[in-house]
Amino acid sequence: MLRLEKRPSPSAFWQWATPVLAVVLTMIAGGIMFALLGKNPVEAIRTIFWDPLFNEQFAAYSRPQLLVKAGPLILIAVGLSLGFRAGIWNIGAEGQYIMGALFGAGVGLALYPVETRWVFPLMVVAGIFGGWLWAMIPAILKTRFNTNEILVSLLLVYVAQNVLASMSLGLLRNPEGGGFPGSRNLGQIPAMANPELIPGTGMHWGVIAAFMVVIAAYILLQRHILGFQIKLAGQAPRAARFAGVNPQRLVLLCMGISGALAGAAGLFEVTGPSGQISIDFNVGYGFTAIIVAFLGRLNPIGILLAGLLMALTYIGGELASFMLGLPAAAIQAFQGMLLFFLLAVDLLTNFRIRFGTRKEAL
Amino acid sequence: MKRRTILKGGAALGFASMLGGKMSLAQGLEKVKAGFVYVGPIGDGGWTYQHHQGALAVQEAYGDKVEIVWQENVPEGADAERVLTQMALSGCNIIFTTSFGYMDPTNAVAAKFPDVKFEHATGFKREHPNVSTYNARFYEGRAVQGHIAGKMTKTNKIGYIGSFPIPEVIMGINSYYLHAKKVNPNVELSIVWAFTWFDPAKEADAAKALIDQGVDVIASHTDSTAPLAEAAKTNGAVIGFGQASDMADYKPSPRVSSIIDNWAPYYVKRVGALLDGSYAQADAWEGIAGGEVEIGEITDAVPADVKAEAEALRDSIAAGTYHPFTGPINKQDGSAWLAEGATAPDGDLLGMMFYVEGITGEIPS
């Protein structure tokens with residue numbers, strides 16, 4: 001008989017081994033799925049995980065693209081992880097990401113055609129503010145009226161999407177765009193652009209910000225009193241209260257930080273890789289970042305690695321899709337498996353698997 | 001293509017654009033690899049499905065001489081640029097980007113790969129000699145639908161589900177209304193904006209809203225079958241049209257006819273030109289005559305005389321003897337647009353951001 005035995009404390013080994021195990025299991029299950037679809041599973045897995053990094057035809061282009069794709073994921077996920085550690089669940093990063101892009105682009109376009117160097121920094125500030133503001137709605141509703149921040153933040157994503165559609169059709173529409181929805185291309189306006197800083201590396205300001213945030217979050221959690229309070233509030237809420245942690249202040253801080261970072265990610269994306277506000281501007285970074293945060297064990301360094309891995313499955317998935325003719329849905333299912341297995345094997349962190357009956361074990 | 005070639009891309013671009021204008025492909029290619037980038041899933045039953053049918057037709061026409069690759073569900077924006085680049089790196093000779101939102105990415109990637117041909121559907125930017133654009137004159141089909149709608153409505157209220165307020169859609173609305181009005185002066189047009197190309201739930205809501213207003217003929221500019229499904233619930237009181245694909249499941253009613261996007265002739269022609277060396281940059285806008293816009297079978301739910309008139313209208317447009325926008329036509333505010341007997345220049349149509357006289361309501365902005 002197979003049974004589970006709770007560990008006295010979470011296993012440090014499995015805490016780090018489970019993500020690796022989840023990736024391996026995903027490869028196996030994904031391989032079976034690809035085989036059922038009539039594709040060579042080894043080739044498919046190789047195309048997803050190997051070709052973007054080492055295939056001589058693609059790698060020179062794909063490797064920098066990993067950073068472009070991973071940058072916003074890491075930036076958002078680090079912010080979310082702080083709240084998640086404290087038991088504060090901001091599920092609406094996608095909406096905060098949209099609002100950050102809208103606020104930032106709005107400030108930039110209001111100043112158009114001013115061509116000075118401080119336009120871009122001003123847009124960054126506006127983007128951060130927009131994301132923060134959108135996150136403050138569920139935060140204040142929670143602290144004041146005790147509403148559920150999961151629901152409120154999630155539903156505000158749909159509000160943000162409608163604001164986005166309205167803005168791309170109305171206020172922010174490119175007056176020289178022939179009536180088509182979408183703003184001017186910010187990437188082509190030097191004062192507002194967030195270009196590749198060193199050609200061929202994929203590095204733009206958003207990627208640099210992501211790396212800086214990883215370091216800052218690491219220091220915050222290891223060395224700062226706020227980091228201690230966050231961890232304490234998540235692990236032992238009662239003890240946290242006795243230790244003088246103000247839960248309402250923590251909610252405002254964690255929601256605020258994660259909203260601000262999501263807003264920044266949106267701003268860097270709209271001025272850089274995406275280039276313009278359009279109806280379909282958001283492509284799910286805010287939701288994928290939740291997966292990245294957990295895949296990275298809510299640890300800044302782990303999130304850095306998880307973000308890169310997630311980006312790899314996107315870029316490799318695209319390659320596999322058109323090189324091998326895999327349907328897009330199969331790639332999405334493959335990514336879904338990753339989260340599924342991660343949550344499933346997470347069990348091993350807190351439980352031991354024992355063989356035999358309870359009596360024998362005793 | 002090797003890494004070096006990409007790094008040289010900047011320098012090569014200047015050189016190629018110098019040559020590009022004069023240099024047509026004197027010799028054809030032995031074998032063509034054609035890439036297709038889709039905004040939706042190939043099983044959407046509408047827009048993307050029809051593009052994919054075109055891609056399959058290319059394969060059928062040239063067999064071993066072409067290899068087709070495609071990618072579904074590519075978001076418009078940063079991801080599109082990456083997908084296009086990867087396709088070009090994988091050795092595609094020609095890449096068809098099949099949604100309006102791919103316009104800037106297509107031109108950006110075309111700059112980096114001067115030897116690869118890019119074909120962008122429904123856009124207007126051709127910033128490089130290797131970028132062509134193509135579209136279809138769907139407003140010609142709307143004229144036929146408008147005629148049927150004007151004849152068939154019993155409540156004198158007809159409806160249109162708009163996707164986005166852009167010239168492409170607005171010219172469809174105007175054409176639909178003008179031809180309904182021509183055969184039924186009492187007709188009133190209600191427009192509902194769905195702000196999506198494909199979202200069955202929103203499209204169904206839009207259709208319900210129209211039916212609640214007493215509309216009994218619905219045309220839609222969105223791609224799903226949801227509006228027809230709503231019309232089907234009215235026991236024949238409300239009819240509609242197939243959009244993008246034939247939507248034959250709803251024959252003979254509520255689907256009484258359809259506009260079918262047929263991209264196969266264009267795709268076969270362009271890939272063929274690459275094979276035989278006659279390829280040149282193009283700005284293609286074909287309609288019923290070129291076979292890109294097909295009018296799906298008009299069913300028996302439509303009386304025989306109306307059907308005959310609609311088919312005659314279709315044939316006169318195909319023969320070039322009739323233009324759906326022939327004056328006198330005034331704008332919504334009463335100002336003159338086309339004088340008696342004048343036909344609309346393409347430039348006016350491509351930038352059309354006004355309703356014609358008689359349509360109520362405003363274009364959202």
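Visitor: How far apart do the C-alpha centres of domain 1 and domain 2 of chain B lie?
Guide: The model is predicted: local features need pLDDT of at least 70, side-chain atom pairs count only at pLDDT 80 or more, and totals for chains, interfaces and linings use all residues. Residues are numbered from 1 along each chain as its sequence is written, while chains are lettered from A and ligands numbered from 1 in the order in which they are written. Chain B is divided into domain 1 (3-14 + 26-136) and domain 2 (138-258 + 294-350), with bounds from an automatic or database domain assignment. The separation of their C-alpha centres is 31 Å.

Visitor: Which helix gives the most to the side of domain 1 of chain B that touches domain 2 of chain B?
Guide: Between the domains, 10 residues of domain 1 of chain B are in contact with 11 residues of domain 2 of chain B (contact: C-beta atoms, placed from the backbone, within 7 Å). The domain 1 side divides into 4 nonpolar, 5 polar and 1 charged; Ala, Val, Leu, Ile, Met, Phe, Trp, Tyr, Cys and Pro count as nonpolar, Asp, Glu, Lys and Arg as charged, and the others, Gly among them, as polar. Helices (H or I, at least four residues) and strands (E, at least two) are DSSP runs, numbered from the N terminus. With 3 residues, the main contributor on this side is helix 3 (residues 47-62) of chain B.

Visitor: How many residues of the side of chain B that touches chain A come from helix 4 of chain B?
Guide: In this interface, 34 residues of chain B are in contact with 27 residues of chain A. Helix 1 (3-7), strand 2 (66-71) and helix 4 (78-89) of chain B each supply at least two residues. The chain B side divides into 18 nonpolar, 10 polar and 6 charged. Helix 4 of chain B gives the largest share, 8 residues.

Visitor: Which strands are the edge strands of the open sheet in chain B?
Guide: This sheet of 6 strands has the order 7-6-8-9-10-12, with mixed pairing (a pair needs at least two DSSP bridges). Within the sheet, strand 8 (residues 217-220) and strand 9 (residues 239-244) of chain B run parallel, joined by 2 bridges, and B:I218 stands opposite B:G240. Pairing on one side only marks the edges, strand 7 (188-193) and strand 12 (293-296) of chain B.

Visitor: How many residues of helix 5 of chain B are buried?
Guide: A residue is buried if 20 or more other C-beta atoms, placed from the backbone, lie within 10 Å of its own, exposed if 12 or fewer, and partly exposed in between. Among the buried residues of helix 5 of chain B are B:M103, B:V109 and B:K112. Helix 5 (residues 103-112) of chain B is mostly covered, the buried count among its 10 residues being 7.

Key
Contact = placed C-beta atoms within 7 Å.
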